[in-house]
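Dear colleague,

Please find the structure below, for your own calculations.

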Amino acid sequence: MEIKRDVYLDRLVARKQNGFIKVITGIRRCGKSYLMNKIFYNYLLSEGIDKDHIIKFAFDSAEDLLLIDEDIIEINEKNRKVNPKKFMKYISGKIEDDSVYYLLLDEVQLLGSFEAVLNGYLRKDNFDIYVTGSNSKFLSSDILTEFEGRGDEVHVLPLSFSEFYSVYEGTKEEAFDDYMVYGGLPAIASMKTNEQKSNYLITQMNNVYIKDIVARNNLNSNQDISELVDILSSGISTLTNPRKLENTFKSSKNSTLCASTIDKYIGYLKNSFLISKAERYDIKGKKYISTPYKLYFEDTGLRNARLNFRQIEETHLMENIIYNELRYRGYNVDVGVIEFREKNDDGKEIRKQVEIDFVANQGSKRYYVQSAYAIPNNEKWEQETRPFDKTNDSFKKIVIVEKSMKPRRDEKGYLMMGVKEFLLDLNSLEI
């Protein structure tokens, strides 16, 4: 089963031969290697690039390591990196002319001195370099520093709903229900039973993601960070901050985990791409509000697995899915805040604040998006659109509901559409 990931392919194609190292990042098991080694590789072949000018190498592959006289067992036993001199000698033997060579390097953090090696290759005019990796520092905000300002990140999320639905055997309603519960890790799309899916996600969450974070950051145990993930899983789409989480630990976990440690752990979770932070943005004041903020999971299936699928809160999960979709489409996404003054019943002017779920920005484009699971009456519609009234600008304003429905506008020009219609049409924001 091949899942097309045209959005990411287009992003890689747009970066061809741009003089930067293309760094494909994303949560483990989201399909980074498949994107580079299968989808992008096949694209290069379709463009007439000779196989001899596409060099694929995976630093976690026993077969590939044998090509440079390295032994994966010995490397693991000694906990060492791949010898960079052996790899560079291998690459030199592959270069036969001045035509462009495409280097597709998987798990590159396993190569010793990989930063120096890749920066050295950038000085060659006929090298175009694409890499993936799993080291948190390599895959975080330090990318540009690691490559001396010449790293170009392409962040890959788990499958979007449209990608998931493209290989799903069933109706879009059934697909969305499955997607909300089990998420979009590519392996899930090929699994047939709920038992398979839930067992896979629970195993991945406990034995891969949490363990990775503990090992990568030299934590003494996984208890505190596991409990933090539990609390965050229960509170997706709600405003929080380290101080509030500290109080939650004290009351529900009988723990003394302090706010500064919690803040550090949240950083670890972000660097591993397990969660993402949406900061609050003062729309009228045009400034960010550092705290509180919202945290969303990169994959709803992993979030649900952490709670053993006990808290399937459709309202919050739909909001998480919309957030991820906006990021998938390349938008920077914030939580909108609007402060205003109005008179109360006594005629006294008071200050109020309303929130817009998402402010999606991309260059000069901006969209205001509300996630409303249901709009049963006019009162609920007015409640959801009241923040739109306070923006006093002409950017497009959209309410997304769970019920399947074609897009329609009210007399103010505010747009309402079903979440499945929104997710399945990449141009739905432009309607």
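Leu269 is in contact (heavy atoms within 4.5 Å), leaving aside its neighbours within four places in sequence, with Ile213, Ile225, Leu228, Val229, Leu232, Leu274 and Ile275. A second, separate nonpolar core of 26 residues includes Phe57, Ile68, Ile75 and Val117. The largest core has 91 residues, and those with the most contacts inside it are Leu201, Ile225, Leu228, Leu269, Leu274 and Ile322. A nonpolar core is here a set of buried Ala, Val, Leu, Ile, Met, Phe, Trp, Tyr and Cys residues joined through side-chain atoms within 4.5 Å. Buried means under 20% relative accessible area, exposed over 50%, and partly exposed in between, with a 1.4 Å probe and protein chains only.

As to provenance, this is a predicted model, in which local features need pLDDT of at least 70 and side-chain atom pairs count only at pLDDT 80 or more, while totals for chains, interfaces and linings use all residues. Residues are numbered from 1 along each chain as its sequence is written, and side-chain values use heavy atoms, with hydrogens and water left out.

Eight strands form an open sheet of mixed pairing, in the order 7-6-8-9-10-11-13-12. Its edge strands, each pairing on one side only, are strand 7 (287-297) and strand 12 (408-409). Helices (H or I, at least four residues) and strands (E, at least two) are DSSP runs numbered from the N terminus, and two strands pair if DSSP finds at least two bridges between them. Strand 6 (residues 275-282) runs antiparallel to strand 7 and is joined to it by seven bridges; Lys277 stands opposite Leu295 in strand 7. Strand 10 (residues 365-371) and strand 11, by contrast, run parallel and are joined by five bridges, with Lys397 in strand 11 as the bridge partner of Tyr368. Strand 11 (residues 396-401) is largely enclosed by the rest of the structure, because five of its six residues are buried.

The count of aromatic pairs comes to 22. Rings of Phe, Tyr and Trp (its six-membered ring) pair if their centres lie within 6.5 Å; planes under 30 degrees apart count as stacked, over 60 as edge-to-face and the rest as tilted. Phe40 and Tyr43 are stacked, because their ring centres are 6.1 Å apart and their planes stand at 20 degrees. Both lie in helix 2 (residues 32-46), three residues apart, about one turn of the helix, and both are buried. Tyr323 and Phe358 form a tilted pair, at 5.8 Å centre to centre and 35 degrees between the planes. This pair links distant parts of the chain, 35 residues apart: Tyr323 is in helix 16 (residues 314-328) and Phe358 in strand 9 (residues 349-362). Tyr323 and Phe358 are both buried. Ring pairs also link Phe161, Phe164, Tyr165, Tyr168, Phe176 and Tyr179 into a cluster.

Glu421 lies in helix 18 (residues 419-424) and counts as buried because its relative accessibility is 18%. Leaving aside neighbours within four places in sequence, Glu421 is in contact with Lys172, Lys403, Ser404, Met405 and Ser428. The Glu421 side chain reaches the backbone nitrogen of Met405 at 3.4 Å.

Finally, the cysteines. The count of disulfides (pairs of cysteine sulfur atoms within 2.5 Å) comes to zero. Cys30 is buried, with a relative accessible area of 0%, whereas Cys258 is partly exposed at 29%.

With kind regards

Technical notes
Polar contact = N/O pair within 3.5 Å; in protein donor to acceptor, adjacent residues only side chain to side chain.
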